[in-house]
Amino acid sequence: MPDWWCNDVKHSDAPEYKMWGNGVALPCVLYIMQGIAEELKKQEEDEK
């Protein structure tokens with residue numbers, strides 16, 4: 001979303017931050033973290 005997307009709506013920052021924080025789907029986070037873990041394991045094995 002662009003920075004200006006909610007300029008016309010009066011709101012405080014806290015609800016907006018809460019919305020963005022809750023806007024990341026857990027399966028997506030898990031997928032990314034699993035990929036990072038696999039890459040770190042590969043690097044660790046290559047160093048041995």
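Biologist: How many salt bridges does the structure hold?
Modeller: There is one. This is a predicted model, in which local features need pLDDT of at least 70 and side-chain atom pairs count only at pLDDT 80 or more, while totals for chains, interfaces and linings use all residues. Residues are numbered from 1 along each chain as its sequence is written, and side-chain values use heavy atoms, with hydrogens and water left out.

Biologist: What makes Glu-39 and Lys-42 a salt bridge?
Modeller: Their closest N and O atoms are 3.6 Å apart. The term requires a side-chain nitrogen of Lys or Arg within 4 Å of a carboxyl oxygen of Asp or Glu, so the pair Glu-39 and Lys-42 qualifies.

Biologist: Where do Glu-39 and Lys-42 lie?
Modeller: Both belong to helix 2 (residues 26–47), three residues apart, which is about one turn of the helix. Helices here are DSSP runs of H or I with at least four residues, strands are runs of E with at least two, and numbering starts from the N terminus. The protein chain has two helices and zero strands.

Biologist: Why is Glu-39 called partly exposed?
Modeller: Its relative accessible area is 42%. Buried means under 20%, exposed over 50%, and partly exposed in between (1.4 Å probe, protein chains only), so Glu-39 falls in the middle class. Lys-42, at 45%, is partly exposed too, as is Ala-25 at 39%. Ala-25 sits in the loop between helix 1 (13–22) and helix 2.

Biologist: Why is Glu-47 called exposed?
Modeller: Glu-47 has a relative accessible area of 69%, and the cut-off is over 50%, so the word applies. Glu-47 is in helix 2.

Biologist: How do you know that helix 2 lies largely in the open?
Modeller: Of its 22 residues, the number buried is zero, so helix 2 lies largely in the open. In the protein chain, buried residues make up 4% of the 48 residues.

Biologist: How do you know what helix 2 should span?
Modeller: The expected span is 1.5 Å times one less than the number of residues. For the 22 residues of helix 2 that gives 32 Å, and the end C-alpha atoms are 32 Å apart, so the values agree. The C-alpha trace of the protein chain spans about 55 × 20 × 15 Å along its principal axes.

Biologist: What makes Val-24, Leu-26, Val-29, Leu-30, Tyr-31, Ile-32, Met-33, Ile-36 and Leu-40 a patch?
Modeller: A patch takes residues with over 30% relative accessible area and no salt bridge, joining like charges within 9 Å and nonpolar side chains (Val, Leu, Ile, Met, Phe, Trp, Tyr) within 5 Å. Those residues make a nonpolar surface patch of about 920 Å², an area from the Shrake-Rupley method with a 1.4 Å probe, where only the protein chains shown count as cover for residues. Ile-32, one of the patch residues, lies in helix 2.
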